[in-house]
Amino acid sequence: MNIIKEIARIKGISESAVLKILSDPFGFSGNTAAEVRSLYRQYKNSDIPEDGIGIGVIIPNRPVYFWKEAVRGINARCRELCQSGIKVRLKYSYCGSSGGAAEACGTDCAAYIVYPSHVSLPDAPVVMLNGVIKEALCDTAVYVGADGYSEGAMAAGILSGNKSIRSIVAVSPENAGESVTNRLRGFTDAALRDCPERKISIIEQGLSDTAAASFLAKKLSRCGSLPDCIYVCTGKTNVAGAAIVKLAATAEKPMYCIGHERSDADRRYLEQGIELGYVAQNAYAQGYAAMEQIAVYITGGKMKNILIPSEVYMGEEKR
């Protein structure tokens, strides 16, 4: 049940009025404000936090640098809202591969920011951060993040004009989600437009295992001839770099890799010239925009999907 909507129905007021009362009852009659807050306590079975409306933030249980930046953006917009008089309390929860957002955050959240591939969606306003974008979202379930197809095309742009790279192996995780599939589609379309003679094959493999580089090297060695370049559809480009190092002794030509995001482990391969470049999402801007859509809802507006452009880096330089 959407508690905010139910209270609004019972009291005959708008959902935005309910949220404003929970944040700061100034401007409402004493009876209305008291009754709304009493109903909220009854439904939530807990006290309304003195420091404002509870907003749940559910992100993966092993956050990498991306999530640190996203959280920084969420916190920055939250501080601005509090300074402007809209009292918001963030409740973070790190979630595994399954589970509901509401259960993960407890019962005192009026809306949520979630990473959709990791949680089931609650019956409350939701901003889905950096996951799968759906075209048929409703007013209270929107997407903030990158566009996978465009990101794949940007990755192919790293190879633009380099006609010597003719054979490419794209590495995709098993059971890849929609965002990764869209990246691969965008990469393939752009890479073949740039050089129609290119051959692109796909290897499906998990990339989180500690032995992932060894497994990838073995698969590549069985392909007959080694590729000119490895494209990693996720943020595990360093796995391809490690596989290339393992194959260097027997390779008859140099091999390169490109991918998405960058971890500290990628630095050595960038410095060695093995990794040609990567596409990085603006995690801070995504977090900030996600919290802004929550603010839109709280103040009675209509949330909407927001696409945040990614950026291409060649080594340390932004392209």
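Phe66, Trp67 and Tyr115 form one aromatic cluster in this predicted model. Rings of Phe, Tyr and Trp (its six-membered ring) are paired if their centres lie within 6.5 Å, with planes under 30 degrees apart taken as stacked, over 60 as edge-to-face and the rest as tilted. Five aromatic pairs are counted by this rule. One of them joins Trp67 and Tyr115 edge-to-face, at 4.9 Å centre to centre and 75° between the planes. Trp67 belongs to helix α4 (residues 65–83), while Tyr115 sits in the loop between β3 (111–114) and β4 (126–129), 48 residues apart. Both Trp67 and Tyr115 are buried (under 20% relative accessible area, with exposed over 50% and partly exposed in between, for a 1.4 Å probe and protein chains only).

Tyr284 and Tyr288 make a stacked pair, 6.4 Å centre to centre with 25° between the planes. Both lie in helix α11 (residues 283–298), four residues apart, about one turn of the helix. Tyr284 has 29% relative accessibility and therefore counts as partly exposed; Tyr288, at 27%, also counts as partly exposed.

I turn now to two helices. The axes of α8 (residues 212–221) and α9 (residues 237–247) come within 8 Å and cross at roughly 55°.

On conventions, residues are numbered from 1 along each chain as its sequence is written. Local features need pLDDT of at least 70, side-chain atom pairs count only at pLDDT 80 or more, totals for chains, interfaces and linings use all residues, and side-chain values use heavy atoms, leaving out hydrogens and water.

Notes: Axes are lines fitted to C-alpha atoms, for helices over the stretch in contact, and angles run from 0 to 180 degrees between N-to-C directions.
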